[in-house]
Amino acid sequence: VCCQGECMWLHLELIGNVLTACCDLFPTVEYAYTTVPTYPSGQIGFFLLSLDDRTNACRLPSRAPAKDFQAKLKYYNHQLHRAAFHLPEFAEKAVDEARAKAGRPPRAKDALPAPGGCVIS
């Protein structure tokens with residue numbers, strides 16, 4: 001299930017409450033976001049809920065669009081899909097707190113390779 005998840009900049013408390021409630025219904029509860037220039041704050045979130053209880057069940061694409069179909073898409077690709085779940089620290093903390101209220105552990109972090117060219121110190 002995927003539904004509108006409001007804006008983390010404007011409705012963080014509401015997002016947390018919805019996430020906590022969804023944890024009672026689904027084993028996999030995730031929050032992601034994307035940019036939408038015409039939406040308030042230029043960003044909108046999504047609640048993604050699944051009966052699939054595997055770690056990262058929603059966060060990692062299970063298949064890629066066929067090459068001819070992908071070529072027609074103007075926005076989506078699998079890298080963007082994965083990136084949508086990487087939240088700013090304040091939102092990540094709120095999501096983890098909402099999960100904790102429901103007795104869930106923090107969200108699993110993607111295992112990412114070490115940076116190869118850009119070093120932030």
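Biologist: In which sense do E2 and E3 pair, and over how many bridges?
Modeller: This is a predicted model, in which local features need pLDDT of at least 70 and side-chain atom pairs count only at pLDDT 80 or more, while totals for chains, interfaces and linings use all residues. Residues are numbered from 1 along each chain as its sequence is written, and side-chain values use heavy atoms, with hydrogens and water left out. Helices (H or I, at least four residues) and strands (E, at least two) are DSSP runs numbered from the N terminus, and two strands pair if DSSP finds at least two bridges between them. For E2 and E3 the sense is antiparallel, and the number of bridges is eight.

Biologist: Which residue of E3 is the bridge partner of glutamate 30?
Modeller: Strands of a sheet pair through backbone hydrogen bonds, either parallel or antiparallel. Within this pairing, alanine 32 stands opposite phenylalanine 46 in E3. The bridge partner of glutamate 30 in E3 is leucine 48.

Biologist: Which strands stand at the edges, each with a single partner strand?
Modeller: The open sheet is formed by three strands in the order E1-E3-E2, with antiparallel pairing. One side of each edge strand is left without a neighbour in the sheet, because each has a single partner strand; these edge strands are E1 (2-4) and E2.

Biologist: What angle does the direction of H1 make with that of E2?
Modeller: Contact means heavy atoms within 4.5 Å, and H1 packs on the sheet, touching E2 and E3. Axes are lines fitted to C-alpha atoms, for helices over the stretch in contact, and angles run from 0 to 180 degrees between N-to-C directions. Between H1 and E2 the angle is about 150°.

Biologist: Within what arc do the buried residues of H1 fall?
Modeller: Buried means under 20% relative accessible area, exposed over 50%, and partly exposed in between (1.4 Å probe, protein chains only). In H1 the buried residues are Ile15, Gly16, Leu19, Thr20 and Cys22. The arc is that of the directions from the helix axis to the C-beta atoms; these residues line one face of the helix, because they fall within an arc of 165°.

Biologist: How many residues has the largest nonpolar core?
Modeller: A nonpolar core is a set of buried Ala, Val, Leu, Ile, Met, Phe, Trp, Tyr and Cys residues joined through side-chain atoms within 4.5 Å. Among the residues with the most contacts inside the largest one are Ile15, Leu19 and Val29. H1 (12-22), E2 (28-35), E3 (43-50) and H4 (89-101) each supply at least two residues of this core. The number of residues in the largest core is 14.

Biologist: Is aspartate 96 buried or exposed?
Modeller: Aspartate 96 is found in helix H4. Leaving aside neighbours within four places in sequence, aspartate 96 is in contact with Pro106, Arg107 and Lys109. Because its relative accessibility is 18%, aspartate 96 counts as buried.

Biologist: Where is glutamate 6 found?
Modeller: Glutamate 6 is not a glycine, yet it has a positive phi of about 60°. At 22% relative accessibility, glutamate 6 counts as partly exposed. Its place is the loop between E1 and H1.

Biologist: What is the phi of asparagine 56?
Modeller: Asparagine 56 is in the loop between E3 and helix H2 (67-72). It counts as buried, because its relative accessibility is 13%. Although asparagine 56 is not a glycine, its phi is positive, at about 65°.
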